[in-house]
Amino acid sequence: MSEIARRLNQCRRPTGDVGKIVVENMNESHYNLTTWGLEKIDVNKNCFILDIGCGGGKTVNRLAEKAESGKVYGMDYSDDCVKWSIDLNKKLIDENKVEIFQGTAESIPFKNEKFDLITAVETIYFWPNIKGCFEEIKRILKIEGTFVIINEMYRSDKFKERNEKFEEVGNMNIFSSDELELLLKDVGFGKIEIDLIEDKNWLRCMCKKNK
Ligand SMILES: C[S@@+](CC[C@H](N)C(=O)[O-])C[C@H]1O[C@@H](n2cnc3c(N)ncnc32)[C@H](O)[C@@H]1O
């Protein structure tokens, strides 16, 4: 297996000693991306938030600082990521402000309309049946609740060569902004707003569950 394939495999489902290094690296390297991705989101202090594919738990940690009277849940299908996210958020978990659990985007163990905000940072590339996952997210969002996708890569001519290689080697889906918009519309999300930073190939997509 090539070095790139190994790295992408670890991004898909971090595990073991190498996964720990990758996750610690992502906690740092996704910091600026996530800051930009969330800058238009008004996280009020009573928010109930779910971060899907929480990896090393840094985004959960940051969101919990804002939602000080609410609660932030982090979910990942990698057992090791759950463990590392728990380690990072130990204090907030003890204060009942954070909960981390193992689960997949295809079937999220919450009742309907629980969350004000759901975030997905650098993870949707790996989700099977993306439409089914979006439907599941819509189900557990409150009416007028917000779903935010933050990606370091979207399909574009400028990054075509790199992105197509990643898709092939990493067995992942790098969506264009039009594709994402269409998928979200199909599922019934409204107020879809997509911003791009073309030079960096960054994408943030915000949408709401309609009334
Ligand atoms: C590239 S990492 C990003 C981690 C973190 N969000 C960050 O920005 O550092 C992708 C994460 O999504 C998780 N993941 C991938 N597919 C998933 C799925 N279907 N359900 C839940 N988690 C998933 C992986 O285990 C991994 O932790």
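## The ligand site

The ligand has 22 residues around it, with H30, G53, D76, V121 and T123 the closest. Keep in mind that this is a predicted model.

T123 brings in its side chain instead, placing an N or O atom 2.8 Å from a ligand oxygen.

Next up is S78, in the loop that runs between β2 (71–76) and α5 (79–88). Is S78 buried or exposed? S78 counts as buried because its relative accessibility is 3%, and the cut-off for buried is under 20%.

The side chain of S78 has a polar atom 3.0 Å from the backbone nitrogen of C81. If you skip the neighbours within four places in sequence, S78 is in contact with R13 and P14.

## The cysteines

How many disulfides does the model have? The count is 0. Take C81: the closest cysteine sulfur belongs to C54 and is 6.8 Å away, so the two are too far apart for a bond. The cut-off here is 2.5 Å between the sulfur atoms. C133 is in no disulfide either, with its nearest cysteine sulfur, in C207, 14 Å away.

Both of these cysteines are tucked away from the surface. C81 is buried, since its relative accessibility is 0%, and C133 counts as buried for its own value of 0%.

## Two nonpolar cores

The largest nonpolar core is built from 32 residues, and L50, W127, F134 and F147 have the most contacts inside it. Several elements supply at least two residues each, among them β1 (48–52), β2, β4 (115–121), β5 (141–151) and α9 (177–187). The largest share comes from α7, with 5 residues.

What does F147 touch, leaving out residues up to four places away in sequence? Its partners include I118, A120, F134, I137 and L141, along with L184, F189, C205, M206 and C207.

A separate core of 23 residues lies apart from the largest one, and its members include L38, I41, C54 and L117.

Definitions and conventions: Residues are numbered from 1 along each chain as its sequence is written. This is a predicted model: local features need pLDDT of at least 70, side-chain atom pairs count only at pLDDT 80 or more; totals for chains, interfaces and linings use all residues. Side-chain values use heavy atoms; hydrogens and water are left out. Helices (H or I, at least four residues) and strands (E, at least two) are DSSP runs, numbered from the N terminus. Buried means under 20% relative accessible area, exposed over 50%, partly exposed in between (1.4 Å probe, protein chains only). A polar contact is a pair of N or O atoms within 3.5 Å; within protein, one must be able to donate a hydrogen and the other to accept it, and residues adjacent in sequence count only if both atoms are side-chain atoms. Contact means heavy atoms within 4.5 Å. A nonpolar core is a set of buried Ala, Val, Leu, Ile, Met, Phe, Trp, Tyr and Cys residues joined through side-chain atoms within 4.5 Å. A residue is near a molecule or strand if one of its heavy atoms lies within 4 Å of it.
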